[in-house]
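Here is a short report on one protein model and the ligand placed in it. Look over the sequence and coordinates, then read on.

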Amino acid sequence: MSRILTGIQSSGKPHLGNILGAILPALDLARHSENDCFYFIADLHSLTTVKDAALLKENTRAVAAAWLACGLDTSRHTFYRQSDLPQVAEFTWYLSCFTPYPMLANAHSFKDKSDRLKDVNAGLFVYPVLMAADILMYDAQFVPVGKDQKQHLEITRDIANAVNKYHTSELLVVPEASIREDVMTVIGTDGQKMSKSYGNIIDVFATEKTLKKQIGTIITDSIPLEEPKEPESCNVFNLYKLLASPEAVEEMANLYRRGGYGYGHAKSALLGVILDRFAEERKRYEFFMQNPEVLEERLKEGAEKAAETANVVLSRLRSALGYS
Ligand code: AMP
Ligand code: TRP
């Protein structure tokens with residue numbers, strides 16, 4: 001059995017980029033019978049940027065509903081909300097005492113956020129240590145993440161090695177990053193990487209009306225309807241390509257090249273393919289959002305399961321450090 005662990009922050013609503021880039025690849029790993037997966041919503045990390053309690057709660061539920069709607073099997077795997085296991089805060093403290101200050105000060109993600117954000121809080125600085133605790137407290141062996149998280153995984157390994165050096169090499173499992181090199185970067189409505197912080201998302205679970213509006217804002221050039229167009233340079237086509245069948249993609253490419261096919265037509269086709277591809281997921285998502293008690297029950301069960309491992313590893317660390 002391999003222990004696979006990954007988390008997604010709940011600092012915004014889950015979007016098409018999160019689904020294609022993180023949730024679906026993680027669910028593929030969960031289908032292999034030899035994998036024991038721990039998937040969670042990193043809602044404590046979200047507090048670095050989201051201070052509105054109601055919004056944080058709503059986003060956390062939306063991210064949880066998205067995982068469940070996309071088909072995570074919680075009878076086989078462990079699915080939980082990070083904040084339901086406050087043991088992680090204690091674990092973070094222990095690890096922070098083994099983390100060299102310059103390692104955090106030089107982290108790209110911290111430097112980037114401290115240049116970009118107004119609220120440069122200490123939570124942003126300690127973020128990688130909390131992430132290391134998320135991983136090390138569950139003896140994770142493999143951590144599937146996007147390229148942007150590579151350095152955070154290196155920091156996690158360095159911290160684990162630093163603790164083990166003082167104690168025993170068996171104290172903490174040193175995890176490996178599984179970087180999803182082959183996963184595309186999903187573009188947003190403006191052609192940049194889709195991201196909640198750029199305001200360019202496509203929310204697969206939104207109402208049809210909102211979804212249509214979001215798709216309507218996809219930036220295109222101003223070549224008139226009658227003229228032939230180059231499919232590959234069009235944001236609408238590039239999004240369609242990620243979701244439609246190869247035949248449908250080929251057909252749309254031919255329509256672009258032939259002329260007489262406008263961006264409005266392509267946007268309608270994109271809306272159609274999203275509604276079709278995610279029809280079941282949208283229904284399940286709606287169910288969980290309308291029945292928060294069911295969602296909460298699933299998260300509670302997940303937290304109980306996660307605690308079984310967390311408590312064992314935390315005790316192991318406590319006693320090695322002289323706190324029993
Ligand atoms: P974030 O929303 O930035 O917290 O990202 C959560 C997860 O979704 C990470 O594993 C990212 O790598 C992935 N992700 C976010 N945006 C995209 C995107 N535009 N394309 C592909 N993957 C993405
Ligand atoms: N920092 C990750 C991101 O923004 C989210 C995360 C928090 C995470 N803890 C984790 C990912 C532990 C993997 C493992 O994408």
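A polar side-chain atom of Arg180 sits 2.8 Å from an oxygen atom of ligand 1. The model is predicted, and this distance, like the others here, is computed from it.

| Residue | Protein atom | Ligand 1 atom | Distance |
|---|---|---|---|
| Arg180 | polar side-chain atom | oxygen | 2.8 Å |

The shell around ligand 1 holds 14 residues. Asn18, Arg180, Val186, Met194 and Lys196 are the closest. By class, the shell divides into six polar, four nonpolar and four charged residues.

Next comes helix α3, residues 53-69. How far apart are its end C-alpha atoms? They are 24 Å apart. That agrees with expectation, because 17 residues at 1.5 Å a residue should span 24 Å. At the start of α3, a side-chain oxygen of Asp52 comes within 3.0 Å of the backbone nitrogen of Ala54. Just after the helix, Gly71 adopts a positive phi of about 110°. The buried residues of α3 include Leu56, Asn59 and Thr60. Further along, Ala62, Val63, Ala64, Ala65 and Ala66 are also among them. Trp67, Leu68 and Ala69 are buried too.

Now the strands. Is strand β1, residues 2-9, largely enclosed or largely open? Six of its eight residues are buried, so β1 is largely enclosed by the rest of the structure. Its partner is strand β2, residues 35-42. The two run parallel and pair over eight bridges. Within this pairing, Thr6 stands opposite Tyr39 of β2.

One loop residue deserves a look. Asp139 lies in the loop between α7 (122-136) and β4 (142-145). Its phi is positive, about 50°, although Asp139 is not a glycine. Most residues other than glycine have a negative phi. Is Asp139 buried or exposed? Asp139 counts as buried, because its relative accessibility is 19% and the cut-off for buried is under 20%.

Key: Residues numbered from 1 in each chain as written. Chains lettered and ligands numbered in written order. Predicted model: local features only at pLDDT ≥ 70, side-chain atom pairs only at ≥ 80, totals over all residues. Heavy atoms only, no water. Near = heavy atom within 4 Å. Polar contact = N/O pair within 3.5 Å; in protein donor to acceptor, adjacent residues only side chain to side chain. Nonpolar A, V, L, I, M, F, W, Y, C, P; charged D, E, K, R; others polar. Helix = DSSP H or I, 4+ residues; strand = E, 2+ residues; numbered from the N terminus. Expected span 1.5 Å × (residues − 1). Buried < 20%, exposed > 50% of the residue type's maximum accessible area, 1.4 Å probe, protein only. Pairing = 2+ DSSP bridges.
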